[in-house]
Amino acid sequence: MKYIDPKNFRLKDHIDWKAQAENMKEIAGIVGELVKETDWKDVAAAAGKDAKGLKKRITHEVNLLKNMSPEEVKDLVLNGEKQLGKLYANGKMATVRREWRGIKDTGVDFYEWTRMWGMLLATFSKDLVPALMGATHYRWMISYFCCHSFMDKNTMGLRGRALKMHHELIYAIFRYVAENLVLLMKADEKVGNSTDLSKKIVLFDEMTMSQIMAGFPDLIGIPYQLMPVFLLSEIDQLACMPYIDAIESYGLPSDTCPVPSSECGAVVVDALPHMGACFISSSMPCDGSVMASSYTSRRFKDLPTYHLAFPVRYEDESIMDAAVKDIKGCIKFIEDNTGAKWNWDAYFAAMKRFNEETKYELQKWEINQTPYPQLIGPCYELFRKWNYEMDGGLDPRIISTFKKVDKLMLKAYENKDEAWRGKMKYRAIVWSIPAHYYANFSNWAANCWGVDILVEMESLNFTKPLETEDKEEALKDLSRLYERMVMRRHTNGGYDHVVTELWRQCEAWNVDFVLMYQHVSCKNMATVQGLFEDQARERGIKLLWCSHDLMDPRTVSRKDMRSEFNEFMRTVMKAEPVDPSLLDFEDDTTW
Amino acid sequence: MQDLKHLIKFENLLDDAANDLVKEAQAEGQYAIGYTCYHMPEVLLNVDNCFSTRMRAPRTGSIDISTYYMSNYTCEFARALLERGIEGGYEYLDGVAGVDACSAMNRCYEHLEVLECNKKPHFFVTHTDVPYKVEDYNVDQVATQMRLRLLDVMHEKLGIDVSDEAIRKAVEEHNELCRVVTEIGNFRKLENPPITGYEFHVISLVSYCCPTAKILPLLKETLEEIKTRKPDPKPWFRARVAIVGSEVDDLDLTRLLEEAGAMVVADRYCYGSFPGREEIRLNDDEDIVKQIARHYMMTSECPRYMAEEKIKQRRDTADRLAKEYGADGIIFEQMKYCDFWAFERPLASHILTEEYGWPTLSIDRSYNVHNSGQLRTRFQAFVEALEIKRIRRNAQEQEVVG
């Protein structure tokens, strides 16, 4: 059977056309007001300024070309440009143009760009009307129009096999997102209102792993807030600010993590689709996530909710019994609310796949620990997290992605390729709550300073093969897996899991320094900052503290983050930038 | 009203975690076990030769060193305790019974261990897992944890008798304490109570911070005194309030409220009188630790319990207490930087106002409020609002009668 079953896309919609017309009327009113309120003289002046800027930029680039030696021109034509900072323009949402990567790699990049558009159009065509209607109901849908910019910025500076591998990985993620967006809009009461599809959908808290759905092959598990909140913020960092403002106006203190705050804010401003047979809320990964579920269940009182809540002291096997009973309770809850039956064969088949994927993952780690790391950077990190949490072996198509990437990676290792050609100087590990995607940070660090971010904390999770024969043992392994989900594996169950673990990983990956993300609202990580400092000093390990506030750039902007990094590289590492044009630029409003 | 005979003694006992009664008991060979949370059954710490002592950091000043370790935007209670621990304030303890309920407090316990804040050779810190729901298997989970991670450790490290008989004896004494404190608290239901909210807060706290056997006689004497105490003819307060929310062991908060004219008639903190002073009813059929675990889980009002029935219980309890104790309004408070209460407070205070019909004041506060002008203003405004509501209500009633 094809994944996702094509029949699901063909289930009948029950669109309330009268309500849609009302909505369109409201939007037309808003647009009318916008047109009326706009100062068109200002618009004309801004367009004139843009035209001047464009002219200036073209003149600058032509002059650069004129001043190049024939060798430099040849290098530019074959290997691409080296000053990436000039792609950014102050106050602009998009980069001024696409990156020139040299003839061959620009060709590859363009092919992948086209392939991505093709996939997106084909996926949305499966049921286009609800998806288009959804864009008029939910402003977050509009942010997905800039998904190509997200792809571009996360592959910036990449060449050769590294570029191909990153495209493969991000393609798989985008396909998942596109399919789920279509399903969300199709099933949402406000839009497609497909009741038959809605009955098949089990909603999950966004940080809850999907592996349990492997036992329900006829159902569809969707991380509820992933598309309207979490992934959205990674594509467009400014998109969640209205949610945060809404919930803070409601009374939530501003010191809480923006992830659960945004989720609650999305509830308050009614940005979550209303659908599904039931909702699996969870206590994972942290205190804030526990509490956000009370807001969701209050908003959707008709949505039966199960609280999947695993023990915190997860290495204590004496409480395994409670964890297994919770999983069983969850399975029964899904059965009761959907009429579906748990299927062990389907579960074991998916987990065998997941185990194979884990083997491929371990191979990546092995190569990245050598002096010639190959698959590093934001696309890889995002794929790792997505595969571990959201895909979880359910989608059979992902194995082929792993295989293709593995082949490319081994070839690149044989040839001693550099992930960022000619730019790799330092080895670093990322610890604590990462901000790669918001700030395109590990990619920027590689392009600007030649820093290889070899691996990050959130990737280093459970790698034990899951049981695929004994049913009771399988449930225990599933519990162990869930207990060690992204973030939770490190932040729960004692400081040893996050502090001592870092020193072990520093040794294994042979790093020059640790990029220590300091998420200013994460209380869990904040409570060990002194221990990190003390113990790093004792061991002679350098820590680069970089503050950020995930999807709220008003607290710490990307520019401020880069400044902290620049200072560390200059003063502690005594380094010189690889690309000085990236040291200081404005991208506060850039996707 | 005439001052209570033991009030100053009680206040003095609350001035220091290692108070005179604690020292006296230790001099007699008893072991002090510190704890901070209602998820840790107090009664299990009072078994045999041990006694529980609620960890506080009274008169907290600077918390700079703990802020270095735990940053400046984490729970001030956890930081104040760590600071006190680093200063040597918990060197008297023989053990800490910790629960992994919230990350800040769990890290506080861990720092006490890592930074070696207590040098006693038998000193221990336990970490027990706490569930998020109250299903049967969760009760088993807590019972198992209490056996393995607490009672067994107490037996191994201190040689404590943790038999069922010893536990039953501790429960009996605990229940007697609960009866006395509850009876004292019930006087607050009267229209003109012979006890103030501040006095009750002192009594409730002192019952947690001293060995039960040593404080019980003084509390019994105080109960008898209150029974015959004559209140002033005209009540001193302008409004009656129930206070609901997170951990409060700071007497200044109640003092500040009463200075603003509000009598605290019911207090539903993390633990104190509700929950905390309900008697534990035991049967002879079921495992005793399991029964105790269930009692604490059922009575807990912790927002960490995320299941719908517990969320509703918390709102219903606030409503019930406010009604039973004749409150005019509810104050919903939270310790600053506490994630659990940070999310609970806006939603619950909104619901208490909109659906339960209670005038509600929603505040966040420091661990030690000292003499906060900001809070004082908010309390005064709330009291005035309650007074105005009462005057309008009375006027409407008179119109109807007229």
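A: A word on conventions comes before the details. This is a predicted model, in which local features need pLDDT of at least 70 and side-chain atom pairs count only at pLDDT 80 or more, while totals for chains, interfaces and linings use all residues. Residues are numbered from 1 along each chain as its sequence is written, chains are lettered from A and ligands numbered from 1 in the order in which they are written, and side-chain values use heavy atoms, with hydrogens and water left out.

Q: How many residues of chain B are in contact with chain A?
A: There are 47 in chain B, and they are in contact with 55 residues of chain A; contact means heavy atoms within 4.5 Å.

Q: What area do chain B and chain A bury between them?
A: They bury about 4,500 Å², with 58% of it on carbon and sulfur atoms. Buried area is the accessible area (1.4 Å probe) lost by two parts on being put together, summed over both.

Q: And how many salt bridges are there across the interface of chain B and chain A?
A: The rule finds five, a salt bridge being a side-chain nitrogen of Lys or Arg within 4 Å of a carboxyl oxygen of Asp or Glu. Lys133(B) and Asp326(A) form a salt bridge through their side chains, at 2.5 Å from N to O.

Q: Which element gives the largest share of the side of chain B that touches chain A?
A: That is α13(B), with ten residues. Helices (H or I, at least four residues) and strands (E, at least two) are DSSP runs, numbered from the N terminus.

Q: Turning to chain A, how many residues of helix α13 are buried?
A: Ten of the eleven residues in α13(A), residues 258-268, are buried, where buried means under 20% relative accessible area, exposed over 50% and partly exposed in between (1.4 Å probe, protein chains only).

Q: What covers the buried residues of α13(A)?
A: The cover includes α11, α12, α14 and β7 of chain A, together with α13 of chain B. Just after α13(A), Asp270(A) has a positive phi of about 60°.

Q: Now the rings: how many aromatic pairs are there over all chains?
A: The search finds 40; rings of Phe, Tyr and Trp (its six-membered ring) pair if their centres lie within 6.5 Å, with planes under 30 degrees apart stacked, over 60 edge-to-face and the rest tilted. Phe441(A) and Phe565(A) have ring centres 5.6 Å apart and planes at 80°, so this pair is edge-to-face.

Q: Is Phe441(A) buried or exposed?
A: Phe441(A) is buried, at 0% relative accessibility.
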